[in-house]
Every structure is written in C-alpha cells, then in structure tokens.
Amino acid sequence: MIELSHVTKTFGGAKRALDELSLTVPQGAVYGLVGSNGAGKTTAIRHITGIYRQDSGSVTIGGLPVYENPSVKSRIGYIPDDLGVFSGGTIKELAAFFRAMYPRFDLQRYAALRDVFRLDEATPLRRFSKGMQKHAAFWLTLSMRPDYLVLDEPVDGLDPVMRRQIWSLALEDVAGYGTTVLVSSHNLRELEDICDHVGIMHKGRMLLERSLAELQDNFVKVQLVTEHPLPQSLHVLHESTLGRVQTLILRGEPQTVANELAASAPMFCDLLPLSLEEIFIYELGGTGYDVKNFVL
Amino acid sequence: MIAINYRDPKPIYEQIQAELRRLMLTGALPPGSRLPSVRELAGQLAINPNTIQRAYRELESDGYILSVAGKGSFVAQIDQLAEQQKKQAVEAFRAAAQRLRALGLGEEELAALLAQEEQTDD
C-alpha cells in the first residue's frame, strides 16, 4: 500500500505545492492520478519515490517511510515524465547499473523483453527519439520486477502499438504478481481501461478518491423531459437545460435513480453512464475550475 | 475474440460480460471449456485485471460460468439458461407486437418489419 497522509510541501515561496494531501493506493491496485495542470501530481509522485522530503505529514510504502530508505526504494520502479537521468548511457550500461542497484533485477526477463522492444543496446540513449527512450525506460524498469510501479505520464509520445504493449505487460504483472501501480495521466479514456482506483487532485489537494467501480455505480447522467417537478430526494450535482430537455448529473445508484424519476412521470427519460472525463469536469467545476462559455 | 467498443459508454466489465455471454450462448465457447485466465485476458485486452475479475464474478453469480480453485473458470451447462433467455425474448417480442397492433400496425406491416430485421442481421 502506498500512503500519503496530510503531506504539505512548499518550495521556498508562500504557495503550497502540496496542501495536506492524503492519498491511498491499496495493495495490488492500479491507481490513476489525475488533476488540473499544476495540481501537484508530479510533486506527489516525487514524494512517493523518495526524491523530495515533505515539510510535514507522512509518506509510506507498505508502512515504511520512503525518504532515504533504500530497501523500500529498491522495490519501486519509477518512470519519470522527463527521462533526462536515463540519457547518459547505453541500455547495456544502464542494465548493469540497474543490476547493481536493484537486487531483484531479472536477467532472464531482461533477455525476454529484448524481443519486445528491439532497441540497440550499444547506442547512447540520447541518440534515441523521445518515444524510444521511453521504451528503454520500460524495458529496464520491468526487468527489475518492481513491487510498486510509479509512472508519471508514461505513455505520452508512444505510438498506439507500444502503448498497448506496455499496458499489456504492466497489467499482466498486476494480475500475476500483485504489482501495485500508480499512474498519472491526462488521458482519462485510457485510464478507464487500466485503472481500478482514481484520485482527482486540484491545487495540491485531493478532491475525490474512489474505486472506479464505485464511481460508475454511484454517478449517473440523466436526460429527461418532464412537466412535473423533480422529486426532492434526488441528489443533483449538476443541471443544465437545452430547450425542453434537462440534463442532470446525479449521485446515486442508477436503478434507484430510475425508480425515483419514474415518480415525476417523465415524457422522456434516458439514463447514461458517466465517463471518467465527465466526472473529472463536473468535480472540478464545483471548485470553480471549469470551461467558461466564452466567445472571442 | 472479445471486442471492446471504446465509444460505447457502457462500463468495460459489462461489455466483457456481454461478449462472453454471447460467445457462450452461440456455442463458440461450449459448456465445459475453459475461459481465458484473468491474467491472459488482462494482457490481451490491456484491461485492468480487477475489471475482468468483476465480469467473471458476475457471470458466475448469473450461472454462466463455474470457477474451480487453482484451475480457472469454465463454461457451465447453460442450455437451460439459453432456453430461458429465448423464452424471455419471445415474450418481449410478443409484447412489442401487441403494442404495435394496438397502435394500428397491420399484419403485413409487422411481417415487413420482421423481414427487414432479418436482412440487417446478416
């Protein structure tokens, strides 16, 4: 389990990059960390991987503090958004380095993955394209058999074949070895397939943290036309009207919502599941961070 | 074997469930045959294993599959289920036909609808 509890971090100024952030990734979960730009996702990730030290609060993995703790850190596979640290050497040199740093580095696995990535092991990484550098990072990181996989916008710049390949490898590890994954991304469509838990961050805080199943079972979008008032018992998060059609975002189990709505005898009523993207937009809309109806 | 439609707003586990059900009811996955393991399917579809687990769990509680600890999941004897589903569908069809008749649709128009349906099915 990865756990951040009331973590606060400032970088010199008065602004808090992380403001009492709490985050829990259950063991064996695939956790999608999403948020507005500048919300502090990468800062949170750098605490989880032990790069930053928090001003206050605690950061633990499996109950142990991470900062300056090599035995915990050797079990974390980390792919940063900026691969600068990797680009100095060749894959061969980096593999030797990884073997020295990570006791569980698996040479057999490294050899098996050679066929997947097909990169030249003697070329310096900085001569590779950005996407290929990512391939190399995944090759090395998956070879060290991490218990925790921490990925900061991992598939940005990867072609569709490689994206799928990477997720397929990572998810097989989740199913086979119970690997715990934390991934930050803006691609909510993709996260919907990959994740079972989601955390939405805004301004250094956690806005909402749920299992995806809970989100899907407890939010529903309704389009309806009715001349009667809506039942008071409904928990309406968002409401908009276009002509006679009302669109409501409701909190509640779809079947219950449908039964309650039937009471107002709608002429037309359509229940739609809510996508992660919609949940993201409505949740952030509640904080004032929303799409303005603006015409230039 | 299993196609996920990313534009379908239905949750993925429901889609997986529906696809597997279709394969079982059409006999593509006959009773007694082993379903792919959660790990295989997670890798193949690049889908969260817990999502697949959820689909399997619900198929099991609906009586479509049986899980044997350590061996995997197998297609149950679903002939009866298929019969039952057919009956339900026929009833729904009858109800729809009655409603259409009440709305003034004649015998010929109904037959034409059915013929149209058959064509679009292919």
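Into which domains is chain A divided? Chain A has domain 1 (2–203) and domain 2 (218–285).

## Model and confidence

This is a predicted model. The mean pLDDT of chain A is 88. In chain A, 97% of the residues reach 70 or more. Chain B has a mean pLDDT of 84. Here 96% of the residues of chain B reach 70 or more.

In chain A, strand β8 (residues 180–184) has the highest mean pLDDT among the elements, 96. Helix α10 (residues 276–285) of chain A has the lowest, 82. In chain B, the highest mean pLDDT among the elements belongs to helix α3 (residues 49–61), at 91. The lowest, 77, belongs to helix α5 (residues 107–121) of chain B.

## The two domains of chain A

The C-alpha centres of domain 1 and domain 2 of chain A are separated by 38 Å. The two domains are in contact: domain 1 of chain A gives nine residues and domain 2 of chain A gives eight. About 680 Å² is buried between them. Carbon and sulfur atoms give 86% of that area. Three residues stand out on the side of domain 1 of chain A. Leu188(A), Glu192(A) and Ile200(A) supply 65% of the area that domain 1 buries against domain 2, more than any other three residues.

Which elements of domain 1 of chain A each supply at least two residues of the side that touches domain 2 of chain A? They are β3 (30–35), α7 (188–194) and β9 (197–202) of chain A. By class, that side of domain 1 has five nonpolar residues, three polar and one charged. The count of salt bridges between the two domains of chain A is zero. One residue pair is in polar contact between them, with both residues at pLDDT 80 or more.

## The two domains of chain B

Chain B is also divided. Domain 1 of chain B covers 12–77. Domain 2 of chain B covers 80–121. Their C-alpha centres lie 30 Å apart.

## Where the chains meet

How many residues of chain B are in contact with chain A? There are 17, and they are in contact with 20 residues of chain A. The area buried between the chains is about 1600 Å². Carbon and sulfur atoms give 52% of it. Arg39(B), Ala46(B) and Asn48(B) supply 35% of the area that chain B buries against chain A.

The interface between chain B and chain A holds one salt bridge. Its partners are Asp217(A) and Arg54(B), with the closest N and O atoms 2.9 Å apart. On the side of chain B that touches chain A, α1 (12–25), α2 (38–45) and α3 of chain B each supply at least two residues. The largest share comes from α2(B), with five residues. By class, this side of chain B has ten nonpolar, four polar and three charged residues.

## Salt bridges overall

Over all chains, the count comes to 18 salt bridges. One of the salt bridges joins the side chains of Arg104(A) and Asp147(A), at 2.7 Å from N to O. This pair links distant parts of the chain, 43 residues apart. Arg104(A) sits in the loop between α3 (91–101) and α4 (107–117) of chain A. Asp147(A) sits in the loop between α5 (130–143) and β7 (148–152) of chain A.

Definitions and conventions. Residues are numbered from 1 along each chain as its sequence is written. Chains are lettered from A and ligands numbered from 1 in the order in which they are written. Side-chain values use heavy atoms; hydrogens and water are left out. pLDDT is the predictor's confidence in each residue, from 0 to 100. Helices (H or I, at least four residues) and strands (E, at least two) are DSSP runs, numbered from the N terminus. Domain bounds come from an automatic or database domain assignment. Contact means heavy atoms within 4.5 Å. Buried area is the accessible area (1.4 Å probe) that two parts lose on being put together, summed over both. A salt bridge is a side-chain nitrogen of Lys or Arg within 4 Å of a carboxyl oxygen of Asp or Glu. Ala, Val, Leu, Ile, Met, Phe, Trp, Tyr, Cys and Pro count as nonpolar, Asp, Glu, Lys and Arg as charged, and the others, Gly among them, as polar. A polar contact is a pair of N or O atoms within 3.5 Å; within protein, one must be able to donate a hydrogen and the other to accept it, and residues adjacent in sequence count only if both atoms are side-chain atoms.
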